[in-house]
Amino acid sequence: MSLSILVRFLYLVLFIVFVDGECLDDQQKLLLELRSEFKFNSSISHGFEHWNGTGDCCEWKRVGCDDSGHVISLLLNSEGISGRIGESSALFRLTYLSRLGLSSNDFTTTEIPNQFHRLPNLVYLDLSQCGFVGPIPSTLANLTQLVELYLPSNFLTGSIPSFHNCKNLESIKLSDNNLMGSLSHLHFQGLTNLYSLDLSHNSLNGTIPHHLFGLPSIHDLYLSNNQFSGQIEEISIVDHSNLFRMDLSGNRIGGPIPNFFFQLQNMLSLRLSDNLFNATFELNKIQSLTNLSELTLSNNNLSIDTTNMSSTSNLYTLHMSSCNLHDFPNLRNLSYLADLDLSNNHLRGDIPSWIWGSGMISLNLSLNLLTDLQKPYHIPTSLYTLDLHSNLLSCEFPLLRPDANASESDYYFANFLFLANNRLTGVIPTSICSISRLMVLDLSFNNLIGSIPPCLLQESYYLKVLNLRGNNFIGVISDTFNWECALKTFDVSDNNLGGKIPKSLANCVELAVMNVGNNNFDDSFPCMALPESLKVLVLRSNRFHGELRCGKSWPDLQILDISSNHFSGTLDSLNFSSWRGMMLQSQAHLRRSASDILRGNDLYRDEVTLTLKKVEVKLVKIWPDFTCIDLSSNHFEKEIPDAIGSLTSLYLLNLSHNSLTHAIPRSLGALKELGSLDLSSNKLTGRIPDELTKLDFLSFLNLSYNHLTGLIPTSSHFQTFSADSFEGNAGLSGFPLNGSFNPHPPGPSPSEDSEPKDEEIEWEYVFAAFGYVVGFGSIAWILLCCRSLRERYFEKIEEVADKIFFERGRRKRRHERRVRRRREERNAVRRRHHQ
């Protein structure tokens, strides 16, 4: 080959290499136009931030091109993008796109555009966790090349369109939305390549189409947490299904567990808990599933037969909570068993020694009638979570040791240790501080005595939750919190502790819950000890005193209870305007909070006791949007600050039994979420503001025993409150005081001694936990995002508080009289309006 020919050949090769894959001008213009359509957070952007119009756009981050220079891939996940994808967006002119990822951006309150059919080459589409609302566009079903479709963790509604034209679909994920309707109209039979289908955490109903279980390529089928009902009919499995994982938990499926489930020879995980399955289930059926490692049967109506279980099973996880078990099942032959849940049954007596299998990692025997361990104690050192709460264990602490000859240094099991609600006695030994990486220690509601070991606080590198509530601990809390303190929850309420709050508590910079209520602490407001991370602060029923002077703010605070102390001074020393946790947040914030919740593990849930309608109510598992301020029974004086009106998500406000003066501020009318307002037994003057009549969710109001004057404002809602809400105000008149002055003379409210002691009742109600190390419950996002369910949640609190009144002797009769009188008054108002 001559030199000239060689040169021409090399030039041609270089030209082709240079041209092929170089971004076309029209493609670059479309990318820049797309960038201009959105806002984006430059601090977290890895793509948009670098699209500056220079260089080859095929070299831009998050962009992929084919050999001709057409953009075929845009993976813009977690780019901090916000805004709206318009119907005429430049996105839909990138017609060569085959892969599009926009997950974890902020398109909140906007619908998925109806134009994706203009991208006929799409193979991969990911719009998960973007805040989209409304229906799934039916035009998505026209993407015949689509292989993977991901739309989870949005707020999508309506029914699921049929994707029967998308023959290539291998993976569909539509979980964590609010999709409704049945699956009967969906023709899944034609999706012969479908590998994974995830429709969990929606509101789908009807029966589950039986052909789903027999799809030839299906490996993963997730239908949990919907409203599926009926019975699953038996089908014939031809050549055995390829199903590996099936989750039907959290539905209303009844009847016996189908036999064909145990012909699914490849099954690894089978979750059937929280349904209505009934009849007797023979556990030895699983022996035909030699690969099965996870089986959950909890919370059904099953009768479990555990006889004839062989050691051939590879079962690793077995959950049989709430299965009406009266005796320990015979599981000694399950040699691989490591995660066992037998909670909430009727098991009694000693815990048998065989239950501590050498490989046991998680053991939950809570909510039974167990009284002791069977000696000798052979606790496996592999044990990570041990939950024995709510039994009748009455031994002296320490309850657990690896073996009879173990030393203190052998205390290195059980990173999560739950022993609450038993009858444990004695002191907490210092040897417990030797448990390596102890993360949760809950010893609440036992009969433990002595002081809190200082080493528990000093060695708190890993300890996230310390709950010692409801024991008989005495002494002071040592000022030994380590500078690397990892505590999230610190609850020592309902003991006999005294002294001061240690200043080293400020080292716990992630502390979210601090509850020292119902003790004998004698201290000023512990400003310096309180980190800014607090969500819940409870100091109630102690001897705290002085003014609330504190320069700190708590932006995440949602519950503040410092009632029944000796605090004094004015309320304007509190920086209400900085408490963003008590203000209505944007839907984007709620969506992000919801996504954090869904990633939680739900192993621990905080509880707090509050006063609602003059009744002590125990709230277990606190929802993230439950907000409360209780400053009652102190010595606060002067006016109520207008700044409280900025706390627009506040649900409960109790300022009663103080010496507050001046008029009720009109700014309280801005508290649109307020459900309970108690300003009784103060020295408030002037008229009741008309703005209070606009609080549509207000179900409890107490303005009694003040110096209020004038007519009670009228509105259809405000007139439902009884005369008790206004008594003790000599200058107040109008309905429901029948247009006359209150006959009760002004003065102090009835003493606490006049109230029967059995008013102080605790009620456990299921609320969601704070989303830190041990996480939120998986349903909390619904209440964050759905106003109607959130209202129902608060109504339930009020309903139970009313029920407490109703069920208590004299209070019951008084409640009935109130109901009759309120009905008569309401009818009288209607008659007057009619006239």
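Let me start with Cys550. In this predicted model, Cys550 has a relative accessibility of 17% and counts as buried, because the cut-off for buried is under 20%. Its partner is Cys527: the two form a disulfide, with their sulfur atoms 1.9 Å apart. The torsion about that S-S bond is about 70°, so the link between Cys527 and Cys550 is right-handed. This pair connects distant parts of the chain, 23 residues apart. Cys527 lies in the loop between β35 and β36 (536–538), and Cys550 in the loop between β37 (545–546) and β38 (559–561). Cys527 also counts as buried, at 10% relative accessibility.

How many disulfides does the structure hold? There are five. For anyone who wants the reminder, a disulfide is a covalent bond between the sulfur atoms of two cysteines. Counting bonded cysteines along the chain, the pattern is 1-2, 3-4, 5-6, 7-8, 9-10.

Now to another of these links. Cys23 is joined to Cys57 by a disulfide, with an S to S distance of 1.5 Å. Here too distant parts of the chain are linked, 34 residues apart. Cys23 sits in the loop between α1 (3–19) and α2 (25–36), while Cys57 sits in the loop between β1 (39–40) and β2 (63–65). The torsion about the S-S bond is about 70°, so the disulfide of Cys23 and Cys57 is right-handed. Both Cys23 and Cys57 are buried.

Cys58 counts as buried, at 12% relative accessibility, whereas Cys65 is partly exposed, at 22%.

Two further cysteines, briefly. Cys130 counts as buried at 0% relative accessibility, and Cys323 is buried with a relative accessible area of 1%.

Last, a sheet. β35, which came up with Cys527, belongs to an open sheet of three strands in the order β31-β33-β35, with parallel pairing. β31 (474–476) and β35 (520–521) stand at the edges; each has a single partner strand, so one side of each is left without a neighbour in the sheet. In general, strands of a sheet pair through backbone hydrogen bonds, either parallel or antiparallel. β31 pairs with β33 (residues 496–499) in the parallel sense, over three bridges. Which residue of β33 is the bridge partner of Gly475? That partner is Leu497.

Terms used: Residues numbered from 1 in each chain as written. Predicted model: local features only at pLDDT ≥ 70, side-chain atom pairs only at ≥ 80, totals over all residues. Heavy atoms only, no water. Pairing = 2+ DSSP bridges. Helix = DSSP H or I, 4+ residues; strand = E, 2+ residues; numbered from the N terminus. Disulfide = S-S within 2.5 Å. Buried < 20%, exposed > 50% of the residue type's maximum accessible area, 1.4 Å probe, protein only.
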